Amino acid sequence: MKKIINYFKDSYNELVYKVSWPSRPELTSSAVIVMIASIIMALVVWGVDSIFDRVVKLLYGLL
């Protein structure tokens, strides 16, 4: 039981004293970058899927 308590104490001390947390503007900036990148990737995947859909329909004569 003492090992578990020491683990939680060490984890807490590391999170409080050793981890450098980003400031609010840094966090906001990173979140915006991630959202923009996600939207771009979604559009790319949608575009490739649309192209493959049309190619498959063209090959099978369904268009």
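**Exercise 1.** Which residue just after α2 takes a positive phi?

Solution. The model is predicted. In it, the residue that follows α2 is G61, and its phi is about 70°.

**Exercise 2.** Compare the reach of helix α2 with the expected span.

Solution. 
- Step 1: α2 runs over residues 24–60 and has 37 residues.

**Exercise 3.** Find the salt bridge in the structure and describe its setting.

Solution. 
- Step 1: Searching the whole structure gives 1 salt bridge.
- Step 2: The partners are K57 and D53, with 3.4 Å between the closest N and O atoms. The cut-off is 4 Å, so the pair qualifies.
- Step 3: Both residues belong to helix α2 and are 4 residues apart, about one turn of the helix. An α-helix has 3.6 residues a turn, so residues three or four places apart point the same way.
- Step 4: K57 is partly exposed at 31% relative accessibility, and D53 is partly exposed at 37%.

**Exercise 4.** Is helix α1 largely in the open or buried?

Solution. 
- Step 1: α1 spans residues 2–18, which makes 17 residues.
- Step 2: Its C-alpha atoms reach 23 Å from first to last, close to the 24 Å expected.
- Step 3: The number of buried residues in α1 is 0, so the helix lies largely in the open.

**Exercise 5.** Classify the aromatic pair formed by Y7 and F8.

Solution. 
- Step 1: The search of the whole structure finds 1 aromatic pair, and its members are Y7 and F8.
- Step 2: The ring centres are 5.5 Å apart and the planes make an angle of 70°.
- Step 3: Planes over 60 degrees apart count as edge-to-face, so the pair of Y7 and F8 is edge-to-face.
- Step 4: Y7 is exposed with a relative accessible area of 55%, and F8 is exposed with 54%.

How values were computed: Residues are numbered from 1 along each chain as its sequence is written. This is a predicted model: local features need pLDDT of at least 70, side-chain atom pairs count only at pLDDT 80 or more; totals for chains, interfaces and linings use all residues. Side-chain values use heavy atoms; hydrogens and water are left out. Helices (H or I, at least four residues) and strands (E, at least two) are DSSP runs, numbered from the N terminus. The expected span of a helix is 1.5 Å times one less than its number of residues. Rings of Phe, Tyr and Trp (its six-membered ring) pair if their centres lie within 6.5 Å; planes under 30 degrees apart count as stacked, over 60 as edge-to-face and the rest as tilted. Buried means under 20% relative accessible area, exposed over 50%, partly exposed in between (1.4 Å probe, protein chains only). A salt bridge is a side-chain nitrogen of Lys or Arg within 4 Å of a carboxyl oxygen of Asp or Glu.
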